[in-house]
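Some labels in a structure rest on a number and a cut-off. The questions below ask what stands behind each label.

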Amino acid sequence: MCIDSAASATTVCFPTTIAPAPLAAVEIGGVAIGLGLFTALGAAVIVLLIGLSAFFSSSEIAMFSLAPHRLEKLAEEGGASAETLADLKSDPHRLLVTILVGNNIVNIAMSSIATGLLSFYLTGGAAVAIATLGITALVLLFGESAPKSYAVENTESWALTIARPLKLSEYVLMPLIVTFDYLTRQVNRITGGRAAIETSYVTRDEIRDIIRTGEREGVIEEDEREMLQRIFRFTNTIAKEVMTPRLDVTAIATDADIEEAIETCVQGGHARLPIYDGSLDNVIGVVHLRDLVRDRDYGEGGIDLELEDLIEPVLHVPESKNVDELFSEMRRERMHMVIVIDEFGTTEGIVTIEDLTEEIVGEILEGGEDEPIERVDDETVVVRGEVNIDEVNEALDIDLPEGEEFETIAGFVFNRAGRLVVEGEELTYENVRITVENVENTRIMKARVARLPAEDEGDEAEGTETADVEPEEVSTD
């Protein structure tokens with residue numbers, strides 16, 4: 001367009017942009033197709049591609065959210081889909097490449113087709129902008145958010161549903177998948193990354209975190225959480241930590257008579273007793289109160305029974321034996337009691353099935369027996385001397401250490417004091433104060449354990465004990 005200027009006798013021309021006239025038809029392969037029909041076909045293809053985008057996006061979530069133990073269960077139950085699912089999950093890296101290749105192809109194709117269609121109606125810049133924004137919105141809503149949310153809610157059923165179509169996609173896209181799988185592994189090798197996408201199972205620490213989270217969310221109760229934690233601790237426990245110590249063992253000699261054995265069982269409240277020959281370091285077996293009473297009152301007349309006739313064999317195990325293995329062995333041998341010995345063959349104590357069961361379900365109390373840990377308040381507990389340090393740490397959320405020579409709170413006190421202690425003595429370790437409340441002969445029967453407040457902890461910082469504490473650092477009230 002040009003404008004004549006009368007004042008300067010010049011002519012000024014401006015470029016003019018003329019929008020292209022709308023096409024009436026589009027020629028494809030020599031065949032003319034009406035623009036309206038062509039647009040409708042393009043829109044239908046975009047809808048199909050959105051469906052494929054949803055398929056690949058939901059596949060990623062379903063496949064990688066499926067728990068390994070559930071996959072094994074589905075494979076055991078059988079079915080073509082379950083077998084295909086197991087085959088896909090056997091190579092998680094290849095599976096991820098398959099999903100990503102398919103998803104990117106359909107998303108890019110959608111954007112290209114939308115841009116091409118809009119270019120028939122709009123200028124180039126406007127067509128690109130509108131196609132980009134429109135396809136992005138469609139993909140986010142219908143190709144990502146909605147299908148992934150569905151896959152999260154229906155992981156197992158959806159994984160079985162899409163397993164075979166996903167396997168078909170792997171065959172169709174095989175050249176691209178093989179190429180990108182190889183290139184990805186090479187990049188990982190060069191950069192020091194790992195090709196593995198997932199491990200077979202979660203770790204023990206992750207399971208513990210899940211248990212704690214479950215309690216916070218109200219999914220499991222506190223006593224259920226404690227039992228689950230004891231199960232994990234069970235496999236790392238040794239016989240010495242759960243045994244009844246030698247000082248608390250009730251036993252009888254082989255030369256005792258049946259009446260004496262019955263009386264000892266009844267007075268001690270025991271169903272079984274170890275039988276020793278000479279000393280407790282030579283335990284030769286156990287007798288059951290049921291057998292003693294049955295054979296005394298209902299045995300064959302005229303036969304003088306001796307205690308030795310009722311002795312059952314007993315198993316001797318080292319104090320370092322894992323209780324998980326010990327529990328299996330006792331069940332296999334049908335033994336309810338074993339004798340714990342040290343490296344010199346000296347009897348250290350006994351372990352019963354009840355002792356092992358209590359490690360999982362908690363203390364089984366009888367009659368007027370006191371709780372092993374009595375909570376005074378949120379910061380203080382009173383514990384029996386034989387209570388394991390791990391249990392005290394868990395009760396107060398503290399970190400008292402264990403040593404090679406001790407596992408109990410009494411052993412901790414003796415180790416820190418370096419001598420025998422008396423009632424009323426107390427010691428401080430980091431942010432914990434332990435007060436000895438009850439001593440019988442040389443044994444610590446009860447101790448009060450208190451977690452110090454933050455300000456007290458700071459006051460005690462200079463006097464915090466180390467692993468080697470001199471006796472004079474323990475104060476007496």
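Helices and strands here are DSSP runs, numbered from the N terminus; a helix has at least four residues and a strand at least two. The model is predicted. By that count the protein has 17 helices and 17 strands.

Q: Where is R334 found?
A: R334 sits in the loop between helix 13 (323–333) and strand 10 (337–341). R334 has a positive phi of about 55° although it is not a glycine.

Q: Why is R334 called exposed?
A: The label exposed needs a relative accessible area over 50%. R334 has 77%, so R334 is exposed.

Q: What makes the backbone of E430 worth a look, and where is E430?
A: E430 has a positive phi of about 50° and is not a glycine. Its place is in the loop between strand 14 (425–429) and strand 15 (432–440).

Q: Why is the pair of F55 and F56 called edge-to-face?
A: Two tests apply. Ring centres must lie within 6.5 Å to pair, and planes over 60 degrees apart count as edge-to-face. F55 and F56 have centres 5.0 Å apart and planes at 65°, so the pair is edge-to-face. The structure holds four aromatic pairs.

Q: How do you know whether F55 and F56 count as buried or exposed?
A: Buried means under 20% relative accessible area. F55 is at 14%, so F55 counts as buried. F56 is at 6%, so F56 counts as buried too.

Q: What makes Y150 and W158 an edge-to-face pair?
A: The limits are 6.5 Å for the centres and over 60 degrees for the planes. Y150 and W158 are 5.5 Å apart centre to centre, with 90° between the planes. The pair is therefore edge-to-face. Y150 itself, at 45% relative accessibility, counts as partly exposed.

Q: How do you know that E358 has no salt bridge?
A: A salt bridge needs a side-chain nitrogen of Lys or Arg within 4 Å of a carboxyl oxygen of Asp or Glu. For E358, the nearest side chain of opposite charge, R384, is 7.1 Å away. E358 therefore has no salt bridge, although E358 is buried.

Q: Where is E358, and what is E358 in contact with?
A: E358 is in helix 14 (residues 353–361). Leaving aside neighbours within four places in sequence, E358 is in contact with R230, E363 and I364.

Q: What makes up the largest nonpolar core?
A: A nonpolar core is built from buried residues such as Leu, Ile and Met, joined through side-chain atoms within 4.5 Å. The largest has 28 residues, of which I46, M63, L85, M110 and L166 touch the most other members. Elements giving two or more residues include helix 1 (35–65), helix 4 (92–118) and helix 5 (124–153). Helix 1 gives the most, with eight residues.

Q: What does I46 touch?
A: Not counting residues up to four places away in sequence, I46 touches M110, I113, A114, L117 and I135. Another core, of 24 residues, lies apart from the largest one; I398, F406, V413 and V421 are among its members.

Q: How much of the protein is buried?
A: Buried residues make up 34% of the 477 residues.

Definitions and conventions:
Residues numbered from 1 in each chain as written. Predicted model: local features only at pLDDT ≥ 70, side-chain atom pairs only at ≥ 80, totals over all residues. Heavy atoms only, no water. Buried < 20%, exposed > 50% of the residue type's maximum accessible area, 1.4 Å probe, protein only. Lys, Arg positive; Asp, Glu negative; His and termini not counted. Contact = heavy atoms within 4.5 Å. Phe/Tyr/Trp six-rings, centres within 6.5 Å; stacked < 30°, edge-to-face > 60°.
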